[in-house]
Amino acid sequence: MAEKGIHHITAVAGNPNENYKFYTQVLGLRLVKKTVNFDDPSVYHLYYGNESGDPGSILTFFPWKHLQDGDPDRGQVVAVSFSIPTGSKAFWLDHLRDHNLDIEEPFSRFGKEVIGLQDPDGLHLELVLDPTANNFEGWPEGPIPEEHTIRGLHGATLAEENYSGAGRLLEEDLGFKLTNQLESRYLYETDADFGSVIEIIDGFDLNGRPGKGTVHHIAFRVKDEKEQDSLRKQLLNKGYYLTEVKDRDYFKSVYFHEPGGILFEIATDPPGFTKDEPLDELGSSLKLPKWLENERNIIEEELPKLNN
Ligand code: ZN
């Protein structure tokens, strides 16, 4: 069995340059892949992560400039959190304030300190001081001193009318365990290195609106296509509607909606981001799937340039 947990989270942004600047220069993540939305190649698909782009470290964006602002609420992911080392609180508070970001006073939740902030499109982010973060590597060649780098995703928070549908799916099918509860917030965890936490807040009664600054979907890890196929069958047997397997070049994916309406994906760990460029060149050039290569000139012309 592979490690369970989050494979990646994909969200919607507005301006690709603001998004790129924020995630690489303010948060210090590595751009590990620069490609396009396979279903809409006029738009980038930007992948940020740790040095190797490990599953569980990846947050990706579709920067759809002309989309409306989203309004996260019921049936949506309302927070994306990253793990930082426990000794890095003072550094991050100073660093975020230096960038004139509105940050929340740090608070404690389920025994870990949390710093809340928003990205340029209003996506709610959290930096979580995580005792296990030091076991892992971030992106040492970015602007953040190596000892303070973000190491990967910590997790995500789902807003639901009732926690039990998604909760059962997490426990029965996706390898999570309910480990704690505080009022209407339920904590689910796996023992993965990164991306091992899903929190569900229940009691939401108004539907959210998708758009800029909201999460598009969460992908969960499987070891390989065989494990993906058996999980797909297991979920079909429970009455979920799942897509066919789609080739996303860096992983194979199937998609379905969890009972509360959030789009979930099951993604394979392999082949990963070194499939089409070496580790030290990740993210440095525009990568296209084979079937779009003959349109490269048009695609490159239409895409806004990313300024370093
Ligand atoms: Zn995805």
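Visitor: Which elements do the buried residues of helix 4 pack against?
Guide: This is a predicted model, in which local features need pLDDT of at least 70, side-chain atom pairs count only at pLDDT 80 or more, and totals for chains, interfaces and linings use all residues. Residues are numbered from 1 along each chain as its sequence is written, and side-chain values use heavy atoms, with hydrogens and water left out. Buried means under 20% relative accessible area, exposed over 50% and partly exposed in between (1.4 Å probe, protein chains only); helices (H or I, at least four residues) and strands (E, at least two) are DSSP runs numbered from the N terminus; contact means heavy atoms within 4.5 Å. The buried residues of helix 4 pack against helix 3 (164-172), strand 13 (215-222), strand 15 and strand 16.

Visitor: Why do the buried residues of helix 4 lie on the same side?
Guide: The buried residues in helix 4 are Glu227, Gln228, Leu231, Arg232 and Leu235. An α-helix has 3.6 residues a turn, so residues three or four places apart point the same way. The arc is taken from the directions from the helix axis to the C-beta atoms. These residues of helix 4 are on the same side because the arc they cover is only 140°.

Visitor: Which residues on the other side of helix 4 are exposed?
Guide: Helix 4 runs over residues 225-237. Its other side has the exposed residues Lys226 and Asn237.

Visitor: What are the protein donors of the zinc ion?
Guide: Donors are N, O and S atoms within 2.8 Å of the metal (3.2 Å for Na, K and Ca); water is not among the atoms, so sites may look incomplete. The protein donors lie 1.9 to 2.0 Å from the zinc ion, and are His8 (NE2), His217 (NE2) and Glu265 (OE).

Visitor: How many residues apart in sequence are the parts tied together by His8 and Glu265?
Guide: Both residues are buried. His8 is in strand 1 (residues 6-13) and Glu265 in strand 16 (residues 263-271), so the parts that the pair ties together have a separation in sequence of 257 residues.

Visitor: Which side chain does a polar contact of 2.5 Å join to that of Ser253?
Guide: Ser253 belongs to strand 15 (residues 251-257) and is buried, at a relative accessible area of 0%. A polar contact is a pair of N or O atoms within 3.5 Å; within protein, one must be able to donate a hydrogen and the other to accept it, and residues adjacent in sequence count only if both atoms are side-chain atoms. The 2.5 Å contact joins Ser253 to the side chain of Glu265.

How values were computed. Expected span 1.5 Å × (residues − 1).
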